[in-house]
Amino acid sequence: MTESDVESGEPDVPVRGWILVCSTAVVAGVAIGFIGGAFRWCLQTADRLRIDLVDWAHRLPGPGWLVPIAAVALGAALAALIVRWVPLAAGSGIQHVEAVYRGEARPPLLILLPAKFIGGVLSIGSGLVLGREGPTVHMGAAIGAEAARRARLQDADIRMMQTAVGGAGLAVAFNAPIGGTLFALEEVTKSFRLKTVLATLFAAATAVGCMRLVLGNEPDFLVEQIDAPALAWLPLFVVFGLLTGCLGAVYNRLVLWFLDRVGGLRRIPAVAKAAVIGAVIGLAMFVYPLAVGGGDSLTQMILSGQTIVLPVVVGYLLVRFVAGPLSYSAAVPGGLFAPLLAIGALWGLLFVGVVDSVWPGNTTTLAIPMALVGMAAFFGATVRAPVTGIVIVIEMTATTAVAIPMLAATAAAVLAAEVTRSPPIYESLRERMMPEAPR
């Protein structure tokens, strides 16, 4: 980071320019706030309908398992058809936002907005293990770029605005305004220029405020008050972090492996590949209904302290660990972030269960704290944005009781991922992008 990246002011920008940039950010923030809130509402409704569908399928005589298979396959195929119409809608879109900021790609057009919205509802809502944040970030970037163009900002400010409002999109996805702001600065721009900071703050604050008018003013996950773990447990959290970093490196490689294998099947139409992947996920949904989709319901169960026997935890973890990369290889709208949180929580729960079997009775109180720490540490290891991950988890759960173990474990996880020479996932995805058509 250069000295200019943290400068406290930009004297060459006139006062009118500052006001125009901040006003544009506010207007764009309102748009992504309401649109992102509607997107989340649609996904929440789809989650409830999906659970009801599986319950109904289990009660059907005969091969009821075909119902979820057909439902997810259809959703994935329709989402792939939308991608055929708007190729830029494929995947997360975060790597495209980063490429635009670097000047390696053109800012997205507004046509991306309905493609990401409808495609994301079809793919994530049907059950594919994808995150809502990718479409929301990309929709925010499209809104920010269009607002900047209409405000007749310069090209550099158009790129900056799509980044700032993209960060607001992440803030909406996770109900985390500070986390969304940090994401834009730590992950995308990797700098703290004052104009970008102000634009992102205005956009994120406005967007989350509007989103809360739609979904309510509550944290995403309800966590009962917990005591801070004793400092004597800190070495255990560090060991957990080191293992999490290695697990994150494996996950990143698995994502790229599936992309290579599925993308290499060039003779099979993309829609057919998405349908087959959807069918596989649909079968998993019939067996483990909570193991598919974004994972919020499963994460809430863990953070609520509900008892899940260790074999079931292992089953959920294995399914989600493979289903996430497999779903992403379908090249339909959907991100990677949200599924990482569920995997991190499951991994934390499994780690405590294994330690408790070796050291009975002493670690049971660490289940929820370790799950919270696992969410941040796994995010940090895969994305390589540790501060963003920590802040997002704290904002989503409205708890700071495990802040110290979370800092230590996330730092250890990022260190382990670096030592294994595993590149950040979005750096890898950006490098694999074809010009103007990320996969």
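1. V197 is buried, with 17% relative accessible area. Buried means under 20% relative accessible area, exposed means over 50%, and partly exposed lies in between, with a 1.4 Å probe and protein chains only. V197 sits in helix α8, which covers residues 194–215. Leaving aside residues up to four places away in sequence, V197 touches L185 and F192. A contact here means heavy atoms within 4.5 Å. V197 and A164 are 33 residues apart in sequence, but their C-alpha atoms are 7.9 Å apart in space.

2. A word on the basis of these values. This is a predicted model, in which local features need pLDDT of at least 70 and side-chain atom pairs count only at pLDDT 80 or more, while totals for chains, interfaces and linings use all residues. Residues are numbered from 1 along each chain as its sequence is written, and side-chain values use heavy atoms, with hydrogens and water left out.

3. The protein has 17 helices and zero strands. Both are DSSP runs, numbered from the N terminus: helices are H or I with at least four residues, strands are E with at least two.

4. How many disulfides are there? The count is zero, where a disulfide is a pair of cysteine sulfur atoms within 2.5 Å. C42 cannot pair because its sulfur is 17 Å from the closest cysteine sulfur, in C210, too far for a bond. C210 is in no disulfide either; its nearest cysteine sulfur belongs to C22 and is 17 Å away. C42 is partly exposed at 22% relative accessible area. C210 counts as buried, at 9% relative accessibility.

5. The overall size agrees with a compact globule. For 439 residues, such a globule would have a radius of gyration near 22 Å, and the protein has 21 Å. The radius is taken over C-alpha atoms, and the globule rule is 2.2 Å times the number of residues to the power 0.38. The C-alpha trace spans about 65 × 55 × 40 Å along its principal axes.

6. Buried residues make up 59% of the 439 residues. Of the contacts with a separation of 6 or more, 85% come from residues 24 or more positions apart.

7. The protein exposes about 17,500 Å², and carbon and sulfur atoms supply 66% of that area. Accessible areas come from the Shrake-Rupley method with a 1.4 Å probe; for residues, only the protein chains shown count as cover.

8. On charge, the protein has 29 positive and 28 negative charges, and their mean positions are 10 Å apart. Lys and Arg count as positive, Asp and Glu as negative; His and the chain ends are not counted. Each charge is placed at NZ of Lys, CZ of Arg, CG of Asp or CD of Glu.
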